[in-house]
Amino acid sequence: MMKQSIRTAVFGAVLIAGLGSALARADEAADFYKGKTVTYIVATAPGGGYDTNGRLVTEFMQKHLPGSTFVVQNMPGAGHLIGTNYIYASDPDGLTFGTFNTGLIYGQLAGDPGIKFDLTKMSWIGKVSSDPRVIVVSKDSGITSFDQLKNLKEPIKFAAAGVGSASTIETTMLVKSIGLPIQVITGYNGNEDQLAMRRGEVQGIVGSRSTFQQFVDDGNGKFIAQIGGSETDVPQLASMVTSEEGKKAIALVESQSDISRLTAGPAGIPADRLKVLRDAYAAATSDPEFIAKAKTLGLPLDPLIGDAVGDSVKTAMDQTPEIVQFLKDSLKPE
């Protein structure tokens, strides 16, 4: 009986010592950020959904990481490749991370030679939202339905960001697989695409619903089809397409709609610091003031933290060889 008591006491002491050590490491990791400057890379130009989300996230992560200073650095170019390559090549000390678009999943699947990162190895901090894709046409285009777009005799112009961006890849896949009369014009970053539609330079775009909701609410355009999401005010593109290739493209695009406004750092951020960042991100995205500001800005919220985001990315990249080949074929130049 005495031996059992001694063993119990020893086990308890070891457990308490272990917990104490873990708490000490957690405190040390949190203290690391006091007086430090954190660089948050936004892989787009100022303005637009990624920049707005990124600045909101940094404001509240700084609030929930006392003593830290967050600085947003916009690093646009090459469809988010420049910013994401920079993040991945950064020192994994937990002081540099940022946001980029899910089109890079397509690029990595297709073997884009400009990609110098591996999304499956990044240090995933969280994601803010889920965001269905929409086909948006400008008011001046005169188009009011998907059928009308599909049956146009002459092609119209759709804006897109850089070559590796989600908007470019998704638009290209849909155009080729469904046979839409659309000419994809790249190089529009931030909110330049909305300005271009209002000027009449382009007549539409494929993008995230949240980014273009205000544009449509203000009477500047119309949603004629949606991919993913639970809203019922816009017809689902999948219900209007019969070709097998078209359905494959739509399914691939829909797999990305649940992973929106990501935040990640380079591979190898120490586990204790990564936990501090994830905790700050969780606190930020559940902060009532953050939620109120996001609502005011029209930003959808469906946060996910840490490994759950990484697992979603890995799932999205776990495609059959047939789908990967379909993606490569879709992106081949004419």
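Let's start with Arg-278, which sits in helix 10, residues 271-286; helices here are DSSP runs of H or I with at least four residues, strands are runs of E with at least two, and both are numbered from the N terminus. Is this arginine buried or exposed? Arg-278 is buried, at a relative accessible area of 17%, where buried means under 20%, exposed means over 50%, and partly exposed is in between, using a 1.4 Å probe and protein chains only. Setting aside neighbours within four places in sequence, Arg-278 is in contact with Trp-124, Ile-125, Ile-305, Gly-306 and Asp-307, and contact means heavy atoms within 4.5 Å.

A quick word on what we're looking at. This is a predicted model, in which local features need pLDDT of at least 70 and side-chain atom pairs count only at pLDDT 80 or more, while totals for chains, interfaces and linings use all residues. Residues are numbered from 1 along each chain as its sequence is written, and side-chain values use heavy atoms, with hydrogens and water left out.

Now let's step back to the whole protein. It has 13 helices and 11 strands, and its C-alpha atoms fill a box of roughly 90 × 40 × 40 Å along the principal axes. Of its 334 residues, 49% are buried. If you take contacts between residues at least 6 apart in sequence, 78% of them join residues at least 24 apart.

On to the spaces. How much space lies in the largest pocket? About 460 Å³. Its lining has 20 residues, and the closest to the centre are Val-163, Thr-168, Thr-172, Leu-331 and Lys-332. Helix 6 (166-178) supplies at least two lining residues, as do helix 4 (103-110) and strand 7 (182-185). The largest share, 5 residues, is from helix 6.

For the terms: on a 1 Å grid over the protein atoms alone, a cavity is a set of points where a 1.4 Å probe fits but cannot get out, a pocket is an open set with protein on both sides within 12 Å along at least five of seven lines, and lining residues have an atom within 4 Å of a point. Points are joined across faces, edges and corners, and a volume is the space filled by probe spheres set on them.

There are 2 cavities of 30 Å³ or more in the whole structure. The largest cavity has a volume of about 340 Å³, and among its 26 lining residues, Tyr-50, Asn-101, Ala-161, Ser-167 and Asp-193 lie nearest the centre. Strand 8 gives the most to that lining, with 4 residues.

Ala-78 has a positive phi, near 55°, without being a glycine, and it is partly exposed at 41% relative accessibility. His-80 is in the loop between strand 2 and helix 3 too, with a positive phi of about 80°. His-80 is buried, at 4% relative accessibility.
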